[in-house]
Amino acid sequence: MIQQTVTVTGEPTATIHHFRLTFPTSRRGAHTARHAAERWLADQRDCPEAAAGDEDAATASLLIAELTANAALHGRVRGRHARLALTLTAGTLRIEVTDARGDRLPEPASERSGDGVGDRDGDDESGRGLLLVASLADSWGCEPHHPGGKTVWAECGRREPALKGGA
């Protein structure tokens, strides 16, 4: 884990937590990356500035699963790996997955179909994951990654954990 503390004179200290992992672009690689990230996020619960509720953890897990699976399925280049990076602050979790396929940019199913999701063929198995990402994340997008490839990212605003006992 990489941890960075940023201090501005007269302002409270802000701690930024980073997680980075390179994984093979395979189902097993995506699965392993997701579980490593989940363990890291669970470990962050001990840090007061990074503590999050169960809903945040479930959302993060779904987003990580979808983005790593997309890299394994659509971003595979023989001999190249993908990278999962998480940046955790008191207010936001940013998830980034970088793969080697810059020629295959993600496109939500609703943009591909032209008239919206309702027009999709029920047997189409591709593209629904990005609809999930769009609905769960506060924002998401794709950026080119030099020298070749792309980074697909999603950000989630973090909510304070609910008080137990109704207090």
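Arg83 has Thr98 in β4 as its bridge partner. That pair comes from a predicted model, whose mean pLDDT is 80, with 71% of residues at 70 or more.

**Strands**
- β3 and β4 run antiparallel and are joined by 6 bridges.
- The link from β3 to β4 is a hairpin of 3 residues.
- β3 (residues 81-88) also pairs with β2 (residues 14-24), again in the antiparallel sense, over 8 bridges.
- Over in β2 and β3, you'll find Phe19 standing opposite Leu86.

**Glu66**
- Glu66 sits in helix α2, which covers residues 54-74.
- Glu66 is buried but has no salt bridge, and the nearest side chain of opposite charge, Arg34, is 9.7 Å away.
- Leaving aside residues up to four places away in sequence, Glu66 touches Gly129, Leu130 and Val133.

**Asp103**
- Look for Asp103 in the loop between β4 (92-99) and α3 (109-113).
- Asp103 counts as exposed because its relative accessibility is 59%, and the cut-off for exposed is over 50%.
- The side chains of Asp103 and Arg101 make a polar contact of 2.9 Å.
- C-alpha to C-alpha, Asp103 and Lys150 are 8.4 Å apart in space, though 47 residues apart in sequence.

**Where to be careful**
- Over residues 111-123, pLDDT stays under 50, and the model has 14 contacts beyond four places in sequence for this stretch.

Methods
Residues are numbered from 1 along each chain as its sequence is written. Side-chain values use heavy atoms; hydrogens and water are left out. Helices (H or I, at least four residues) and strands (E, at least two) are DSSP runs, numbered from the N terminus. Buried means under 20% relative accessible area, exposed over 50%, partly exposed in between (1.4 Å probe, protein chains only). A polar contact is a pair of N or O atoms within 3.5 Å; within protein, one must be able to donate a hydrogen and the other to accept it, and residues adjacent in sequence count only if both atoms are side-chain atoms. pLDDT is the predictor's confidence in each residue, from 0 to 100. Contact means heavy atoms within 4.5 Å. Lys and Arg count as positive and Asp and Glu as negative; His and the chain ends are not counted. A salt bridge is a side-chain nitrogen of Lys or Arg within 4 Å of a carboxyl oxygen of Asp or Glu. Two strands pair if DSSP finds at least two bridges between them.
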